[in-house]
Structure formats: structure tokens, C-alpha cells
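User: Hi! Could you walk me through this structure?
Analyst: Happy to. Here it is.

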Amino acid sequence: MDTTHICTCREQIAMATVPMQEWCEPYDLTTALEEGTIFPCLNFTFYKAPEGKCKCKSCSSMADKSQKTREEKMSRLAVVSFAINDLTLYLDTHPDCPNGLALFRELLDERLTLLSEFAGEFYPLTQISMVTGNYDSNQYGWPEGPMPWEGACI
Amino acid sequence: MFAYEKRLQFPVKIKNTNPDTARLIMSQYGGPDGELSASMRYLSQRYTMPVKKVGGLLTDIGTEELNHMEIICAMVYQLTRDLSEADVKKAGFDAYYIDHTKGIWPQAAAGIPFTSLEFQSKGDAITDLFENLAAEQKARTVYDNLLRVIDDPDVIAPLKFLRAREIVHFQRFGEALEMTKETLDHKNFYCCNPEFDKKKTSLL
């Protein structure tokens with residue numbers, strides 16, 4: 001028996017089969033973060049969970065201009081970085097998908113810029129962004145800003 | 001290696017103190033189907049995975065579970081940080097408080113401490129992938145159960161996000177199972193253990 005045979009049959013008794021996901025057009029990235037996936041075809045909601053946006057505390061509405069900018073930049077970083085997280089797992093099992101690869105490259109580029117800008121204008125979120133964002137070279141910088149679990153208006 | 005980034009994967013901003021909710025959510029930190037268990041499961045299994053891409057997927061999902069563990073801990077912290085002495089007595093948080101005050105410690109909702117017995121690394125790719133498929137479903141059920149009993153929208157938003165991730169991970173582990181099956185004898189998937197009996201598979 002040839003044990004190196006590549007399986008083309010999808011169904012076999014005593015073995016489970018999960019269909020490979022096909023590319024589906026992603027949500028806009030803000031919706032993707034709220035929903036927990038960039039892919040509408042993978043979003044299976046629970047009937048008890050309320051639909052729509054969370055009425056969580058908005059920091060930017062009550063803040064000064066600098067805080068508003070900071071908050072907006074942090075929000076954009078969260079949606080872009082999450083889309084990258086979700087795409088990473090997709091590409092791990094679909095490494096040749098041109099749609100996924102194109103979006104992945106585009107978002108990685110934006111994330112790099114956002115991290116540098118955030119470090120340059122406010123404080124560093126990663127150590128490498130101290131250099132890419134020209135963070136004040138006289139300051140250590142790493143302890144700056146609230147810790148992520150504080151839930152602070154950043 | 002892992003490097004820290006100073007933000008949460010999903011923002012957590014909880015206004016109202018609620019030790020009862022904290023005690024329930026804590027189960028997703030140190031409980032049997034929690035995020036700590038999930039990350040240790042995947043990060044342990046990856047070393048011996050015979051299909052390289054599956055080892056890569058386990059690394060990426062295991063890393064994401066560390067992010068989820070941090071989200072859960074942030075929620076527990078914010079729900080209990082303003083706890084008063086009166087809160088401790090009335091809210092069913094008293095037993096936890098006696099041992100840990102407001103410190104964050106991994107245990108299940110019913111008080112059972114975290115243990116590695118809650119997950120498996122079996123050294124057989126098929127077995128481990130089924131373990132992972134089941135783990136994602138178990139965690140989804142816990143999030144369903146939490147969403148049924150919690151009303152605070154500040155808490156619901158991250159829980160909804162985390163629940164959705166379980167389904168995405170389930171799909172990815174299913175795809176990893178397909179990728180692993182392709183390297184095995186399709187007439188008898190159980191003729192050998194691809195992590196041990198390497199000569200029997202197409203992996204060498």
C-alpha cells in the first residue's frame with residue numbers, strides 16, 4: 001500500500017472533515033474588531049448577546065484635543081492590529097491566497113506607521129517604536145503611559 | 001520569543017464594580033476551559049507537530065490566547081479594584097478575598113485552582129487537534145453561559161469578542177486537521193502516530 005498517497009477524498013468514516021474557508025470580503029475594520037472576526041462568513045452570533053455597538057465609556061468626547069487625537073490613534077491601532085491577528089491565522093492555513101496577502105501587507109505597513117507616530121507624539125507601545133518614531137532620546141520612555149489593564153483614557 | 005506591546009487586543013473599560021461578575025469571569029483565566037489553559041495547551045503541543053504549518057498555527061493561536069488571558073485579567077481587575085469592605089461581605093467574593101485580597105490568581109469559578117491537568121499534549125497530531133477543536137467549543141460554551149447571566153454592556157463587549165474568537169480558532173484547527181490528514185495514509189489514518197512513527201509517513 002502506498003502510504004505517501006495525498007488524500008483527495010474529503011470524507012472518510014471514523015474521521016472528521018472541516019471544509020476549508022473560502023475568502024469572503026472582510027468587514028470594515030472597526031466592525032471587525034467589535035464582531036471578533038474580519039470575515040462575515042465566520043461570524044456566528046449568540047442569540048443572548050446584544051447586537052450593535054457597545055455603549056462603553058468614550059474618552060475622546062470629553063477630552064481635550066491632544067487626548068482626542070491620542071484616543072483616535074489608539075483605536076485605529078487596535079482595529080488594524082486585530083485585523084492583522086485574524087489574517088495571520090487565515091494565512092497560516094491559506095498561505096497562497098492573493099486577497100489575504102495583499103491586505104496583510106497593506107495593514108502591516110499601516111501598523112508600523114501608527115506605532116511610530118504614537119511613540120513620536122505620545123509614548124512608546126513597543127520598544128522598537130522608540131527608534132522608528134524618534135521618541136525623545138533623553139528619556140527611557142518604556143514606563144510612560146497607563147498600563148493596558150487600567151482601562152484609562154489614554 | 002515573546003515581546004510585550006503595551007495595549008490590550010480588545011479594549012476593556014469597565015465603570016462599575018461587581019465582585020460577583022469578577023468571580024464568574026475569573027473562570028476564563030484559571031478555569032478548565034480558560035485562556036491560560038488554552039495558551040499552554042497550544043504552546044506545549046507545537047514542538048512535536050509533524051506538519052510545520054500546523055506548528056506555526058499553534059504558535060499564533062497560543063500567542064493570541066495569551067492576549068485573551070490578559071483581557072480576562074484586566075476585566076477581573078477592573079471589576080474589583082474599588083471593592084469596599086462591605087462589598088466583600090455581601091457579594092459572594094468573601095472566600096476569594098480571604099486568600100487573595102484583590103490579587104489576580106488563576107482559579108475556576110467554583111474555586112478550583114488552575115492545573116495543567118485541564119489540558120493535554122498527547123504527542124499525536126490527530127489526537128491533539130481533536131483536543132483543540134473540543135477546547136474551542138468548551139470555551140465557547142463558557143462564554144455563552146457568561147453572556148446569559150451578565151448585563152453590564154462594558155463587560156459584554158469583550159466577552160462577545162472572545163466568544164467569536166473561539167469559533168474562528170475552531171475553523172482554523174479544522175483546517176489544520178485537513179492539512180495533517182493530507183500527509184497521512186487516507187485509507188487508514190490510524191496506521192501510525194505521525195509524531196512517533198515517522199518512517200511510516202510521507203513527512204520524511
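User: How many helices and strands are in chain B?
Analyst: Chain B has eight helices and zero strands; these are DSSP runs, H or I of at least four residues for helices and E of at least two for strands, numbered from the N terminus. This is a predicted model, where local features need pLDDT of at least 70, side-chain atom pairs count only at pLDDT 80 or more, and totals for chains, interfaces and linings use all residues. Residues are numbered from 1 along each chain as its sequence is written, with chains lettered from A and ligands numbered from 1 in the order in which they are written.
User: New topic: at what angle do α3(B) and α7(B) pack?
Analyst: About 165 degrees, with their axes 11 Å apart. Axes are lines fitted to C-alpha atoms, for helices over the stretch in contact, and angles run from 0 to 180 degrees between N-to-C directions. So α3(B) is roughly antiparallel to α7(B) (over 145 degrees).
User: Which residues of α3(B) make the contact?
Analyst: A38(B), R41(B), Y42(B) and Q45(B). They meet D128(B), N132(B), A135(B) and A139(B) of α7(B).
User: Last one: what box do the C-alpha atoms of chain B fill?
Analyst: Roughly 65 × 35 × 30 Å, taken along the principal axes.

Key
Angles under 35 degrees count as roughly parallel, over 145 as roughly antiparallel, 65 to 115 as roughly perpendicular and the rest as oblique. Two residues are in contact if their C-beta atoms, placed from the backbone, lie within 7 Å.
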